[in-house]
Amino acid sequence: MSKVRIYTLAKELGVDNHKMLELLDGLGVAYKSVSSTIEEETVELIKQLLAEEAGADTTGATAEPAVADTTPATETAAAPAEPAATPARQPETEPAAEPVNEVPHRAPVVTIMGHVDHGKTSLLDYIRKTKVAAKEAGGITQHVGAFEAKTSKGKIVFIDTPGHEAFTTIRARGANVADIAIIVIAADDSLMPQTREAIAHAQAAKVPMIVAINKVDLPQADPEKVKTDLTQLNLVPEEYGGDVVVVPVSAKTGEGVEDLLEYISLTAELEDLRADPKGQFSGVIIEGRVDKQAGVLATVMVQEGTLHVGDFLVVGESYGKIKAMTDSNGGRIKEAGPSTPVQILGFSEVPSSGEKVQSAKNEHAAREVIAQRADQRRDEEDARDRRRAQRSLEDLLGPLGEVRTVNLILRADTQGSVEAIQGILARKESDDVKINVMLSGIGAPTEGDVLLASTAEATILCFSVTPAGGVKKIADTKGIEIKSFRIIYELIDEVDRLIKGNLEPVFEERYLGRAEVRMVIRHPKSGNIAGSYVTDGMFRRNAKAKVTRGKQVVYEGTVVGLKRFKDDVREVQTGYECGINLDWNDVMEGDIIEATEMVEVEQA
Ligand SMILES: Nc1nc2c(ncn2[C@@H]2O[C@H](COP(=O)(O)OP(=O)(O)OP(=O)(O)O)[C@@H](O)[C@H]2O)c(=O)[nH]1
């Protein structure tokens, strides 16, 4: 026997991958993932350890010391103490681990990305055809944006819209739906521009990747070339000593698809994906549309908690009540737990993909959340405008002591220009500043570039190419800068400016004002409101609040609302009476409320 893959050995010995990795850690053996290979001697050691453990279990001694002996000063070192206290039989080891694992595992959510025609749709179709249970009733499988595949290792949820646009649109709204990205590369075509883009998107999202080399059934397929080409992007396949999992597949014949599914499950196991079905519900919109008969339909991916028919949901600044729910097979369901895509009937407006979904106790609570969000949005818009005005004062900004990263997307007319610019940029890097060219390509920037830039806070620099009107417009609405140059050194000057200006904003807490609570008003909707008099400075909605009673600070929170008579106001100045609504209900007459706010400070 020679080298063995970790997961193969785990399977053979009937232990889970986590346990196997723990043992390897204990032995100080280096590995990159469960698909890394280990030496024969290590295999023997592992077998010995497991045998000792098994023996220890039956004799009543603890298994831990065997591992702890080889593990210098880690948490496991504490383990022997416990068994010493309970020297009798040992059901302890199992339950002791349980509190950490209270939250159950959930199924992985997978997205498939890659270049045009490399077989994303075919691969999804093959998996759907072979791994989705035939529908019990009706027979109409609607497109809902995701489907659940049943494999021998459990459920895997696939996002049904291939391509990185869908992935990044969701991410651009701050949500992450996919746990794992499959990058499909056709074996007869190797790396293509959109393959590179897809990889950049997955890397930006820090989502683990699995490469599926597709179309291996074709006579001209050259999987080895794909692997070598991948190394040029610093993605080194495992066989070459790296940690990138590469699986040859054919969406046509089905070859390798089982392996791919197995790798997905292995990766998911390592990611240790968990969600609490009993927790507070949260989810993300996968897609929304209007059906001529049914009305607004939206597919929601449940991420935490459980959805029930009748629940109130809030999306952005609108809400709905779930009238009916169907699973991705079209079957009516009453509830749905984590990692379940469900189609929901009950929204009044079509939500957009990537929007986050929350639940509310009742209609009243839903409306309140929406009102707060509208306020917050307005305040954020104001703050953003203020910040923009400050940012143009570039001269005020200088370099800082810590390592900073300037994220760039580079577009140029020829490969020669791209390489020339990258060469110069590499020389600009210093101990303080890292220049990260997330993506470089030939031709005008695309909508995908803008989305990537918006999620990664990157600047798009173009040399001898300009963005199309549509792309420019999207960039403007997202606040992404696309800068075009015809002279390389002007582009480099811009990078210098970005290097200087790439400072993290620093916030400082500033005193705003003080108010005395003169009476507590019970409000049916907002709870207890502090009828107060502003004795110093001013109060602003969303300010931070500190409540003092006598000499004691009794609460620290936020001013969630301000009222003058019946009207909601944003600010109240010294000498005025007002109603202060805190995110706290126990305010009392005589309390002193002090307001502060976080302001961005200019850095020297
Ligand atoms: N021989 C062979 N052909 C394949 C395989 N996978 C896909 N194809 C063919 O390749 C072509 C493109 O496949 P699609 O699945 O449409 O590719 P895609 O990546 O989804 O393409 P876009 O949706 O246009 O981005 C089709 O003609 C497929 O039949 C495969 O494994 N083997």
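The model is predicted: local features require pLDDT of at least 70, side-chain atom pairs count only at pLDDT 80 or more, and totals for chains, interfaces and linings use all residues. Residues are numbered from 1 along each chain as its sequence is written.

**The sheet.** Select the open sheet of 4 strands, whose order is E19-E18-E20-E21 with parallel pairing. Its edge strands, each pairing on one side only, are E19 (433-442) and E21 (482-485). Strands are DSSP runs of E with at least two residues, helices are runs of H or I with at least four, and both are numbered from the N terminus; two strands pair if DSSP finds at least two bridges between them.

**Strand E20.** Next, select residues 459-463, strand E20, which pairs with E21 in the parallel sense over 4 bridges. On the other pairing, 5 bridges join E20 to E18. Ile460 has Ile482 of E21 as its bridge partner, and Ile409 also stands opposite Ile460. Because 4 of its 5 residues are buried, E20 is largely enclosed by the rest of the structure (buried: 20 or more other C-beta atoms, placed from the backbone, within 10 Å of the residue's own).

**The ligand.** Finally, select the ligand and the 16 residues around it, of which Gly119, Lys120, Thr121, Ser122 and Lys252 come nearest (a residue is near if its C-beta atom, placed from the backbone, lies within 6 Å). Helix H7 (residues 120-131) gives the largest share of this shell, 3 residues.

Definitions and conventions: Buried ≥ 20, exposed ≤ 12 C-beta atoms within 10 Å, placed from the backbone.
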